[in-house]
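Please open the structure in your viewer and keep the selection tool at hand. The stops below are to be taken in order.

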Amino acid sequence: MNTNVRIAGVDFKNPVTTASGTFGSGMEYSEYVDLSRLGAVTTKGVSSVPWAGNPTPRVAETYGGMLNAIGLQNPGVDVFIERDIPFLRKYDTKIIVNVVGKTLKEYCEVVERLADCDVDLLEINISCPNVKEGGIAFGQNARSVEEITSQVKRIAKQPIIMKLSPNVTDITEMARAAESGGADAVSLINTLTGMKIDIHKRAFLLANKTGGLSGPAIKPIALRMVYQVANSIQLPIIGMGGILTAEDALEFIMAGATMVAIGTANFINPRATIEVVEGIEDYMRKHKIDHISQLIACVK
Amino acid sequence: MVLAEKHKVVIKQNIQLDEDIYSMWLEDSYVAKNAKAGQFVSLYLEDGSSLLPRPISICEIDKELGRIRLVYRVVGKGTLAFSTLKGGDEITVMGPLGNGFHLEGKNPLLIGGGIGIPPMLELAKQLDGEKKIVLGYRDSIFMSQEFEQYGKVYISTEDGSAGTKGNVIDAIFDHDIRTDMIYACGPTPMLRAIQAYAKEKGMKAQLSLEERMACGIGACLGCVCKSTERDHHTNVNNKRICKDGPVFYADEVEL
């Protein structure tokens, strides 16, 4: 049984990674799971300078999901390079670094700083709904998606993945723009913009008013979008959105994802990633699937 | 380092103490063995539409019988579901989580406000010295008698129905309470007042903070508070309440 997948010339031992922002740089979860069992760890977004993020409350539970408006708090690329890369390199897993910026220049600064670092791929976050500048602003217009993709691609030494937002009229348009800009892969979906009101306080529950909806509540939407994108571009896809179990992950793979990312599930079960890896292996064993590639996009 | 894995335990008892206030004893020898006063556990719901665990502070630890006690207020659908559980039912727990209180001071002052009162009970039990305990309520009194065996108890109520009329600071002035170490848990405005009081008097205080959490283990950055110094982990002036707290020295945080 072979669970190897390949994206942009990088080989992953299995198709399971983490969704950016739900796993830090793996330190906290390394007490619960052997990071070497994961295909890759996708880090929390990294910016050129430290970001303090949004005021609290930053999280709220909703029916079958949750809202977050963390605001991309992160220690900045220097600390990331010094501390987090050496930490992750102790494990036999690939490193995907999520890159954020307020301006195109800031994205490029991070990409340049990472150019000579020992990381495997970069995921360019053009879909965070919780920051005033940058993030989603680059991801809701096909022309700007293509522009940022080609600019980043010009200076990046690692393959680049463009992380797409579901908060658009037609996600396939953004996927095609990323492809024409020269992206090596796309990942989708980021969170859907949502809201919750505290009726007792008659106030927004999140300090940011709105937040990104994640969790199983969004899975059918994410799955539909992965399927649509798989049928409109040639690039490999990292699929995510509400995956809790191996069954959920297999749906994404069958819809056309080469890899899958586990996000909110980590908060509910710190061992969710490993359980998905093991569940996929069990499924393959049970159904006598020799190679995971037989399952990718098998539902047409 | 104690690993806080998710595990299923049996509920020994779950009873109502007051309107919306419940007391639950869990047969949890793992948490009982490893927990410190001021730590908390994550409690999970069986209903799949409620994904996130509820962080509940530990009220009492019985190492001998391998039990822990949680006293919680029903504030939403998660805690409402907990309140319907009965002795013999199972519940999923992850813990112990967070850092807990540092036990210090010769004549400590323990201050609990509302649902911040329960974690002070285990602390009262563990602390040495001559203890003074101030409990602040809105109106209805709960648990105050349980504290009496551990120190002198003073009460404040907002409506004046018992003890000092007003808040916990009013009670401290009312009784001219002196101390070398304050421990406090309660609503943020109360903690803010205690922080200002401690600063003015040049006293040390340990404050237990609360915030909405998701992961409970320091990864999601949902429950941060402003810190006075740049935090070593986050590299900004934010500390994680679930991981670096919930207990902080008053001069470490901005409330």
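Begin by selecting the residues at which the two chains meet in this predicted model. Here 23 residues of chain B are in contact with 32 residues of chain A. On the side that belongs to chain B, these residues comprise twelve nonpolar, eight polar and three charged ones.

**The sheet of chain A**

Next, colour the strands of chain A. An open sheet of eight strands can be followed in the order β3-β16-β15-β10-β9-β8-β7-β4, with parallel pairing. Which strands stand at the edges? They are β3 (16–18) and β4 (40–42) of chain A; each has a single partner strand, so one side of each is left without a neighbour in the sheet. Across this sheet, neighbouring strands are turned by 25° against each other on average, direction ignored.

Now zoom in on strand β8 (residues 121–125) and strand β9 (residues 160–163) of chain A. These two run parallel and are joined by four bridges. Within this pair, A:Glu123 has A:Ile161 in β9(A) as its bridge partner.

**The largest nonpolar core**

Keep A:Ile161 selected. Of the 180 residues in the largest nonpolar core, this residue, A:Val186, A:Val226 and A:Val260 touch the most other members. Helix α5 (residues 219–230) of chain A gives the most to the core, namely seven residues. Domain 1 (6–97) and domain 2 (109–254) of chain B both give residues to this core as well, so it lies between them. As general background, nonpolar side chains tend to be buried together in soluble globular proteins.

Show the surroundings of A:Ile161. Leaving out residues up to four places away in sequence, A:Ile161 touches residues including A:Ile96, A:Leu121, A:Glu123, A:Val186 and A:Ile238.

**Helix α8 of chain A and the segment after it**

Move to helix α8 (residues 272–286) of chain A, where A:Ile280 is found. Is A:Ile280 buried or exposed? It counts as buried because 24 C-beta neighbours lie inside 10 Å, and the cut-off for this class is 20 or more. Apart from residues up to four places away in sequence, A:Ile280 touches A:Thr3, A:Ala246, A:Ala249 and A:Leu250. Select A:Val16 too: A:Val16 and A:Ile280 are 264 residues apart along the chain, and their C-alpha atoms are separated by 9.4 Å.

Follow the chain to A:Ala297, in the segment after α8 of chain A. Its phi is near 60°, a positive value in a residue other than glycine. A:Ala297 is partly exposed, with 17 other C-beta atoms within 10 Å.

One further backbone feature of chain A deserves a stop. The peptide bond from A:Leu188 to A:Ile189 is cis, with omega near 10°. A:Ile189 lies in the loop between β10 (185–188) and β11 (192–195) of chain A.

**The two domains of chain B**

Now hide chain A. Chain B is divided into domain 1 (6–97) and domain 2 (109–254), and the C-alpha centres of these domains lie 21 Å apart. Their contact takes 20 residues from domain 1 and 18 residues from domain 2 of chain B. On the domain 1 side, the largest share, six residues, comes from β4(B). By class, that side has 13 nonpolar, three polar and four charged residues.

Select the strands β1-β2-β5-β4-β3-β6 of chain B, which form a closed barrel of six strands with antiparallel pairing. The twist averages 45° from one strand to the next. Helix α3 (residues 118–126) of chain B packs on the sheet, touching β4 and β5 (67–73) of chain B. In strand β6 of chain B, find B:Pro96; a cis peptide bond joins B:Gly95 and B:Pro96, with omega about 0°.

For the last stop, select strand β12 (residues 204–208) of chain B. Four of its five residues are buried, so this strand is largely enclosed by the rest of the structure. Strand β11 (residues 181–185) of chain B runs parallel to β12(B), and five bridges join the two. In this pair, B:Cys185 stands opposite B:Ser208.

Note on methods. Residues numbered from 1 in each chain as written. Chains lettered and ligands numbered in written order. Predicted model: local features only at pLDDT ≥ 70, side-chain atom pairs only at ≥ 80, totals over all residues. Contact = placed C-beta atoms within 7 Å. Nonpolar A, V, L, I, M, F, W, Y, C, P; charged D, E, K, R; others polar. Core = buried A, V, L, I, M, F, W, Y, C linked by C-beta atoms within 7 Å. Buried ≥ 20, exposed ≤ 12 C-beta atoms within 10 Å, placed from the backbone. Domains from an automatic or database assignment. Pairing = 2+ DSSP bridges. Axes fitted to C-alpha atoms, helices over the stretch in contact; angles between N-to-C directions.
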